[in-house]
Amino acid sequence: MPISRRTFMNGAAAVCAAATLETSALAAAAKPGLEEDPLHWVDPRIGTGGHGHCYPGASVPFGAVQLSPDTYNEGWDWCAGYHVSDTSIMGFSHTHLSGTGCGDLLDFLVMPGTGPAKLVPGTRDNPDGGYRSRFDHKDEQTEPGYYSVLLKDYNVRAELTATDRAGLHRYTFPQSDQAYLVLDLQHGYDGGPKPNVLAAELTNPTPGTLAGGRQTRAWGNGRHSYFTLQVSKQPTKIVFYQDDVEVAPATKFTGTNLKAVLHFKTTANEVIFVKTGISGVSAEGAAANLKAEIPAWEFDQVRKQAKERWRKQIGKIKVESANEDHKRVFYTALYHMSLGPTRFDDVDGKYRGMDNQVHTLPSGQQNYTAFSLWDTYRAAHPAYTLLEPERVPQFMNTLIRMASESPAGMPVWPLQGTETGTMTGYHSASVIAEAINKGFTGIDTERAYELMMKRAMVDDYRGLGYYRKIHYIPADREEESVSKTFEYCYNDWAIAHVAKKLGKTDDAAMLLKRSTNYRNYFDKSIGFMRPKLEDGSFTTPFNPIDLGHSKKWRDYTESNAWQTTFGVQHDAAGLINLFGGTQPFVAKLDELFTTASTLPEDAPPDIAGLVGQYAHGNEPSHHIAYLYVYAGQPHKTQARVRSLLETMYSPNPNGMQGNEDVGQMSAWYLLSALGFYPVDAVSGNYILGSPLFERASVSLGSGRQLEIEVLRKDPAHQYIQSFTLNGKPQQRAWFHHSDIARGGKLVLNMGPEPNLSFGSAPNTIPPSMTL
């Protein structure tokens with residue numbers, strides 16, 4: 001059975017009326033010189049309200065540790081453990097997901113306090129019932145690599161910073177004879193099966209050290225996590241608890257509900273540090289990670305190093321604009337794109353594989369996890385091919401290793417050694433094929449192709465048998481049949497590129513032909529992609545806003561016929577032909593944006609950010625505004641993209657229309673704001689939109705730069721009048737990755753009215769179905 005984000009979270013959605021913080025409270029007002037430091041424009045609180053599912057805490061780019069406050073650990077809008085609407089904090093855990101539609105992690109919660117120690121967190125309605133503490137957003141400080149808050153109930157100032165595999169806490173206590181730290185190994189995301197913790201162990205190897213680990217089943221079933229924690233001050237005593245009952249000291253404690261309370265006597269403003277290493281391999285691995293990355297108690301130094309790493313990361317792009325809101329959203333988008341995928345290896349090269357075994361990486365290799373592939377293949381991974389050229393082969397080889405090790409084959413949504421199976425298609429093939437097609441080296445292409453073809457040609461996987469045999473998936477035999485067919489078409493298209501690279505022309509031709517299977521769903525009489533039964537007939541009844549033809553299951557994945565009809569990324573020309581040409585196609589595309597935004601009662605909250613039936617809050621719509629370019633009307637793309645940039649994002653906690661999705665929602669903004677977007681990522685083609693900034697400089701690594709210059713008299717001028725690529729005037733509204741991969745320059749001359757001749761001639765249309 002396929003797993004969607006809605007399937008996993010069924011019954012867990014808790015819609016909240018999120019408080020909106022004023023922009024002035026979110027980020028410091030602009031001051032002279034901010035252009036020189038892009039970190040001033042990053043606000044980690046963007047996306048922590050609404051349905052953004054972002055966390056505000058401390059991390060480093062692509063780091064394994066995300067040390068952040070937890071305000072609640074159940075419900076859809078708490079997938080990252082934090083929501084801006086809350087007024088109390090449970091504690092600070094070391095791992096968090098960024099913007100996902102399913103919840104997990106929140107490993108190894110630490111909470112400081114004073115007074116009689118409490119073993120349960122208490123509720124949001126009654127924080128006094130547990131170790132929770134009230135807080136005020138005005139007492140929070142967030143910046144890349146650092147988080148701080150005042151815990152009002154205890155008068156304890158908490159500060160957090162991080163390295164790749166370790167977190168460092170600094171707690172400033174009041175005078176107290178009853179100061180304490182709680183370590184709660186039962187705490188985690190509780191939105192899935194219960195109990196969340198399948199097994200845990202806890203040891204006290206030295207007086208100031210705790211170590212252990214646990215196995216959980218929130219989203220990633222059977223996920224392993226381990227830690228070693230040290231405190232800077234020896235406790236007066238440590239009390240251990242099993243099932244919230246005090247137990248006598250022992251060499252090792254085991255169970256599903258383990259906790260420890262470290263007791264201290266503190267003077268006024270006394271500081272106690274906590275440093276924690278984490279690992280997916282063992283507590284010993286966590287200890288080695290901690291020793292290597294935070295050997296001392298130098299909080300300010302670790303914070304400074306984290307900040308410098310973020311300054312280098314965010315500084316990869318420099319933009320010029322008088323619009324401060326645009327810059328805040330843009331640079332925070334780059335920040336969110338740099339929070340995942342995350343490292344999942346130890347300093348000695350060991351990692352836990354998808355077979356639940358411990359492996360050792362080849363020399364020079366890195367291992368990653370948290371690939372939200374159904375989302376990120378669209379724009380985040382294409383952006384990484386520009387911004388992260390050294391990291392891309394590491395990502396790809398990680399996915400190839402996963403496919404080799406995993407009983408489930410090609411990764412779908414891998415999370416810390418487990419395959420969640422969430423969402424449709426198998427877009428590890430898409431991102432690997434994109435990197436290979438763009439010429440990245442150091443990727444095991446032969447092995448990748450072997451694994452891709454096993455899925456494409458052999459595996460009995462979620463309707464693929466029907467897809468291969470009858471060229472579509474019947475709605476009476478498989479759920480989400482239409483969307484799955486569309487995803488498999490794109491996967492075939494992706495694999496065909498690798499086949500061509502390897503000289504396997506027959507395979508490439510077969511896959512190319514099969515990638516048009518989506519056409520079997522088109523009902524020309526109504527102009528929609530319509531579910532089809534095994535006998536070849538279309539389903540009835542049919543309403544384009546419905547997610548399925550019956551209550552048994554859905555025929556579309558987090559979308560309906562409106563969005564899915566335009567879900568073709570690689571064969572826009574074929575889709576236009578189904579409609580009978582550009583005129584009826586454009587009329588239907590216009591209607592998508594202007595029809596009523598009515599949705600059925602059972603529509604998931606993922607379908608958000610509606611403009612007509614276009615849903616910017618969910619990924620299937622992300623390329624659609626750019627399809628006008630394939631119909632020779634790029635001015636309509638320019639107007640629509642500019643409108644979406646202005647209305648779907650804002651610099652406040654509720655500033656996203658849907659889940660951030662490990663970088664994809666941000667990547668759409670970042671690339672679109674620069675002026676282009678990859679409708680078909682694997683092809684390497686970028687489609688022009690409407691740039692927000694007057695100038696941008698993008699570091700492509702190894703000293704290469706992409707310069708973007710926008711000439712206009714008014715920032716409101718959204719229409720491209722002319723386009724120059726590397727000094728050569730162009731009539732086309734697109735370019736290829738190879739045009740800029742070694743550095744390049746785009747010059748866009750903008751005006752207040754459309755240039756109807758630009759990009760309209762048949763020979764200027766972006767290619768479709770061309771390997």
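**View 1. Trp78 in a loop.** Trp78 is buried, because its relative accessible area is 2% (buried means under 20% relative accessible area, exposed over 50% and partly exposed in between, with a 1.4 Å probe and protein chains only). Trp78 belongs to the loop between strand 1 (68-70) and strand 2 (88-89); strands (E, at least two residues) and helices (H or I, at least four) are DSSP runs, numbered from the N terminus. Between Trp78 and Lys469 there are 391 residues in sequence and 42 Å in space, C-alpha to C-alpha. This is a predicted model, in which local features need pLDDT of at least 70 and side-chain atom pairs count only at pLDDT 80 or more, while totals for chains, interfaces and linings use all residues. Residues are numbered from 1 along each chain as its sequence is written, and side-chain values use heavy atoms, with hydrogens and water left out.

**View 2. Surroundings of Ser690.** The loop between strand 31 (685-688) and strand 32 (695-701) holds Ser690. Ser690 counts as buried, since its relative accessibility is 0%. A polar atom of the Ser690 side chain lies 2.8 Å from the backbone oxygen of Gln718. Leaving aside residues up to four places away in sequence, Ser690 touches Gln638, Val641, Arg642, Leu645, Ser672, Gly675, Gln718 and Met750 (contact means heavy atoms within 4.5 Å).

**View 3. Packing of helix 12 and helix 13.** Helix 12 (residues 481-501) packs with helix 13 (residues 505-514) at an angle of about 160°, their axes being 8 Å apart. Axes are lines fitted to C-alpha atoms, for helices over the stretch in contact, and angles run from 0 to 180 degrees between N-to-C directions. Helix 12 and helix 13 are therefore roughly antiparallel (angles over 145 degrees count as roughly antiparallel, under 35 as roughly parallel, 65 to 115 as roughly perpendicular and the rest as oblique). Helix 12 contributes Cys489, Asp492, Trp493, Ile495, Ala496, Ala499 and Lys500 to the contact, and helix 13 contributes Asp507, Ala508, Leu511, Leu512 and Arg514. These residues comprise 8 nonpolar, no polar and 4 charged; Ala, Val, Leu, Ile, Met, Phe, Trp, Tyr, Cys and Pro count as nonpolar, Asp, Glu, Lys and Arg as charged, and the others, Gly among them, as polar.

**View 4. Packing of helix 7 and helix 8.** The axes of helix 7 (residues 380-387) and helix 8 (residues 392-405) are 9 Å apart, and the helices pack at an angle of about 135°. Helix 7 is therefore oblique to helix 8. From helix 7, His381, Tyr384 and Thr385 meet Val392, Phe395 and Met396 of helix 8. The contact of helix 7 with helix 8 has 4 nonpolar, 2 polar and no charged residues.

How values were computed: Polar contact = N/O pair within 3.5 Å; in protein donor to acceptor, adjacent residues only side chain to side chain.
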